[in-house]
Amino acid sequence: DGSETLLSEGVNPAVSPDGEWVSFTMPVGRSWHLFMMKTDGTELTQLTNERSADVQPVWSADGQWIVFTSNRAQVDLRTPSRNNWDVWAIDREGRELIRLTKDAARDGAPTMAADGKVYFHSDRKVSLDLQEERQAKSRGGFHIWSVELPKK
C-alpha cells in the first residue's frame, strides 16, 4: 500500500536469507557498528563494538555469517586518508570475528555467492604477471577479487 515504517537509525541494510533479520550499520559515538534486528524492528542486537567503522554488511547464503567492510585493523579516525579497509566476517551471534583480507589497500563492498565465495573490490596493486594473466588494463585502480568464507 506504499506505507513506510521507521525501524531504526542506520545505513547499509541487508536482509538475511530467511527474510527474518536485517543487519545494518549504526553510528555509536565516533564509530559505526554492526547491528541486526528482526525485520519488524524488534530484537535489536549489537554485533561489533570496536573503535572503527564496520559497514556494508552482507549475509552468507546459510545465514550463519555476516561479511562486512571495516577499518578496524589499522584505524585512525582522525586521519581518514590513512585508513586501511579490509573484508571481515562475523557469525550471527557476534562471537566469532575473522579477518578475510589483509592488504594495505582499500578492500570493500563485499558480496556473497551461494558457495561461500566472497567477492569484493580493492585498489591493491596488481603484479605485471597477474595483470597479463587476468587481462587487467592497469596495475592500479579498483579490481574485483575473491576470497573463500571459512567453513563453520
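This is a predicted model: local features need pLDDT of at least 70, side-chain atom pairs count only at pLDDT 80 or more; totals for chains, interfaces and linings use all residues.
Residues are numbered from 1 along each chain as its sequence is written, and side-chain values use heavy atoms, with hydrogens and water left out.

**View 1. Overall fold of the protein chain.**
The protein chain contains eleven strands and one helix, in the order β-β-β-β-β-β-β-β-β-β-α-β along the sequence. Helices (H or I, at least four residues) and strands (E, at least two) are DSSP runs, numbered from the N terminus. The C-alpha trace spans about 50 × 40 × 35 Å along its principal axes. Of the 152 residues, 42% count as buried, where buried means under 20% relative accessible area, exposed over 50% and partly exposed in between (1.4 Å probe, protein chains only). Among contacts with a separation of 6 or more, 34% are between residues 24 or more positions apart; contact means heavy atoms within 4.5 Å.

**View 2. The aromatic pair F24 and F35.**
The structure holds one aromatic pair. The ring centres of F24 and F35 are 6.0 Å apart and the planes are at 20°, so the pair is stacked. Rings of Phe, Tyr and Trp (its six-membered ring) pair if their centres lie within 6.5 Å; planes under 30 degrees apart count as stacked, over 60 as edge-to-face and the rest as tilted. Because F24 belongs to strand β2 (residues 21-28) and F35 to strand β3 (residues 31-38), the pair ties together parts that are eleven residues apart in sequence. Both F24 and F35 are buried.

**View 3. Surroundings of R99.**
R99 sits in strand β8 (residues 97-99) and is partly exposed, at 28% relative accessibility. Beyond its neighbours within four places in sequence, R99 is in contact with A73, N84, D86, V87 and W88. One of these, V87, is twelve residues from R99 in sequence, with a C-alpha to C-alpha distance of 6.4 Å.

**View 4. H121 and A109.**
H121 is part of strand β10 (residues 117-122) and has a relative accessible area of 29%, which makes H121 partly exposed. Leaving aside neighbours within four places in sequence, the contacts of H121 are R106, D107, G108, A109, F142, H143 and I144. A109 lies in strand β9 (residues 107-112) and is partly exposed, with a relative accessible area of 33%. Most residues other than glycine have a negative phi. In A109, phi is positive, near 50°.

**View 5. Backbone at N12.**
N12 is not a glycine, yet has a positive phi of about 60°. N12 is placed in strand β1 (residues 11-15) and counts as partly exposed at 31% relative accessibility.
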